[in-house]
Amino acid sequence: MYLHLGQNEIIPQRRVIGIFDLDKCSYEKRTRDYLAAAEKEGVVLDISGDLPRSFVVCDHPYHEQIVYLSSLSPGALRKRAESGRLE
């Protein structure tokens, strides 16, 4: 199964580690530090095209992890993952 993250980005669902609400999580220092470190490593892909609402952490064959910034809400991504459809 695959998960459509928006902006024509589709990933294997088995690679998803977590889907997080950027607004709620960005208040935590650990989250900010994690995202800053991922940005520094060059493993953050901004596919939002606008203001990101969520971030998706995935394992990756060439990096330990990769982070996608998506304009979709975590709830929308969760529904897509549960339905198994590529919307």
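## Reading the values of a predicted fold

Q: What share of the chain's contacts between residues at least 6 apart in sequence joins residues at least 24 apart?
A: In this predicted model, 49% of the contacts between residues at least 6 apart in sequence join residues at least 24 apart, where a contact requires heavy atoms within 4.5 Å.

Q: Which elements make up the chain, and in what order do they run?
A: The chain has three helices and six strands, and from the N terminus on these elements follow the order β-β-β-α-α-β-β-β-α.

Q: Why is the chain called as compact as a globular protein of its length?
A: The radius of gyration of the chain is 12 Å, and the globule rule gives 12 Å for 87 residues, so the chain is as compact as a globular protein of that length. Along its principal axes, the C-alpha trace spans about 35 × 30 × 20 Å. Buried residues make up 37% of the 87 residues, while the chain exposes about 5800 Å², of which carbon and sulfur atoms supply 49%.

Q: How far apart are the mean positions of the positive and negative charges of the chain?
A: The chain carries 12 positive and 13 negative charges, and their mean positions are 4 Å apart.

Q: How do you know that cysteine 25 is too far from the closest cysteine sulfur for a bond?
A: A disulfide requires two cysteine sulfur atoms within 2.5 Å, but the sulfur of cysteine 25 is 15 Å from the closest one, that of cysteine 58, and is therefore too far away for a bond. The structure accordingly holds zero disulfides.

Q: Why does cysteine 58 count as buried?
A: The cut-off for a buried residue is under 20% relative accessible area, and cysteine 58, at 1% relative accessibility, therefore counts as buried.

Q: What makes phenylalanine 55 a buried residue?
A: Phenylalanine 55, which lies in strand β5 (residues 54-59), has a relative accessibility of 3%; buried means under 20%, so phenylalanine 55 counts as buried. Not counting residues up to four places away in sequence, phenylalanine 55 touches Gly18, Ile19, Phe20, Leu22, Cys25, Thr31, Leu35, Val67, Tyr68 and Leu69. Its C-alpha atom is separated by 9.0 Å from that of serine 73, 18 residues apart along the chain.

Q: Why is threonine 31 called buried?
A: Threonine 31 is found in helix α2, and its relative accessibility is 15%; the cut-off for buried is under 20%, so threonine 31 falls within that class. Leaving aside neighbours within four places in sequence, threonine 31 is in contact with Cys25, Ser26 and Phe55.

Q: How do you know that glutamate 41 is exposed?
A: Glutamate 41 has its place in helix α2 (residues 29-41), and its relative accessible area is 62%; exposed means over 50%, so glutamate 41 is exposed. The C-alpha atoms of glutamate 41 and isoleucine 66, which are 25 residues apart along the chain, are separated by 9.7 Å.

Q: Why do glutamine 7 and asparagine 8 count as exposed?
A: The cut-off for exposed is over 50%, and glutamine 7 has 53% relative accessibility while asparagine 8 has a relative accessible area of 75%, so glutamine 7 counts as exposed and asparagine 8 is exposed as well.

Q: Where are glutamine 7 and asparagine 8 found, and what are their phi values?
A: Glutamine 7 is found in the loop between β1 (2-6) and β2 (9-12), and asparagine 8 is found in the loop between β1 and β2. Glutamine 7 has a positive phi of about 50° although it is not a glycine, and asparagine 8, a residue other than glycine, has a positive phi near 65°.

Q: What makes serine 71 partly exposed?
A: Serine 71 lies in the loop between β6 (65-70) and α3 (74-83), with a relative accessibility of 26%; buried means under 20% and exposed over 50%, so a value in between makes serine 71 partly exposed. Serine 71 and proline 52, although 19 residues apart in sequence, are 4.3 Å apart in space, C-alpha to C-alpha. Not counting residues up to four places away in sequence, serine 71 touches Ser48, Leu51, Pro52 and Arg53.

Notes
Residues are numbered from 1 along each chain as its sequence is written. This is a predicted model: local features need pLDDT of at least 70, side-chain atom pairs count only at pLDDT 80 or more; totals for chains, interfaces and linings use all residues. Side-chain values use heavy atoms; hydrogens and water are left out. Helices (H or I, at least four residues) and strands (E, at least two) are DSSP runs, numbered from the N terminus. The radius of gyration is taken over C-alpha atoms; the globule rule is 2.2 Å times the number of residues to the power 0.38. Buried means under 20% relative accessible area, exposed over 50%, partly exposed in between (1.4 Å probe, protein chains only). Accessible areas come from the Shrake-Rupley method with a 1.4 Å probe; for residues, only the protein chains shown count as cover. Lys and Arg count as positive and Asp and Glu as negative; His and the chain ends are not counted. The place of a charge is taken as NZ of Lys, CZ of Arg, CG of Asp or CD of Glu.
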